[in-house]
Amino acid sequence: MKNLDKKIILIGASTGGPRLIEKICSSLPSDYKHTLCIVQHMSESFLTTFAQRLDRMSSLNVYETKHNMKILSSSIYLVRGGVHMHFSKDSEGNIVVSEEKNMGLSQFQPSIDEMMLSALNIFDPKSIIAILLSGIGDDGAKGMVEIKKNGGYTIGESQNSAIVYGMPKAAFENDGVSEQLNFEDIIKKILELK
């Protein structure tokens, strides 16, 4: 992982997610070392505006992803609409965004599962922290199961704090959650990562 030497934090959210994503991004200090990659189910045009808003709110740089964009430490990446975000390596060994336009089995594009499952092909599972927040349906549940099974750490938002306890519930019921936490405790966990 030439361009990354810290944790990769994969976050998925749907209904109720934007406010939570804003809180996470605005909570991170300017010296935060890890990388966040975020899938928020939202229309393509809104995601561009949302990325710009997050960048204004955060001490870290927030990027809307583009094909072949390098993934760097101390940065936040919001997956752009209309494509799935996969990870690959360029000719110099850097980890980059690899966009996939084929819908595959998902009804969402971008899909949380697509991002999480692709991460397992590139990153050491022990460096992956996967977080599934509020949302309808089960996108992200498969990815959480596989990351946990392969030695990564997975966090599902609790029913107590989730606006819609659909996606985190699906992950929990399929044994894809290492720890279930209220949202405020998820922020604390992200901030405490070494």
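The axes of α3 and helix α4 (residues 141-149) come within 7 Å and cross at roughly 20 degrees; axes here are lines fitted to C-alpha atoms over the stretch in contact, with angles from 0 to 180 degrees between N-to-C directions. This is a predicted model, where local features need pLDDT of at least 70 and side-chain atom pairs count only at pLDDT 80 or more, while totals for chains, interfaces and linings use all residues. Residues are numbered from 1 along each chain as its sequence is written, and side-chain values use heavy atoms, leaving out hydrogens and water.

With angles under 35 degrees counting as roughly parallel, α3 and α4 are therefore roughly parallel to each other. On the α3 side, Asp113, Met116, Leu117 and Leu120 meet residues of α4 that include Met144 and Ile147 (contact means heavy atoms within 4.5 Å).

Now to the rings: the structure holds two aromatic pairs, a pair being Phe, Tyr or Trp (its six-membered ring) rings with centres within 6.5 Å, stacked if the planes are under 30 degrees apart and edge-to-face if over 60.

| Pair | Centre distance | Plane angle | Type |
|---|---|---|---|
| Tyr63 and Tyr77 | 5.4 Å | 25 degrees | stacked |
| Phe87 and Phe123 | 5.1 Å | 80 degrees | edge-to-face |

Tyr63 sits in strand β3 (residues 61-64) and Tyr77 in strand β4 (residues 75-78), 14 residues apart. Tyr77 is buried at a relative accessible area of 1%, whereas Tyr63 is partly exposed at 30%; buried means under 20%, exposed over 50% and partly exposed in between, using a 1.4 Å probe and protein chains only.

Both Phe87 and Phe123 are buried. Phe87 lies in strand β5 (residues 84-89) and Phe123 in the loop between α3 (112-122) and β7 (128-132), so their pair ties together parts 36 residues apart in sequence.

Note on methods
Helix = DSSP H or I, 4+ residues; strand = E, 2+ residues; numbered from the N terminus. Parallel < 35°, antiparallel > 145°, perpendicular 65-115°, else oblique.
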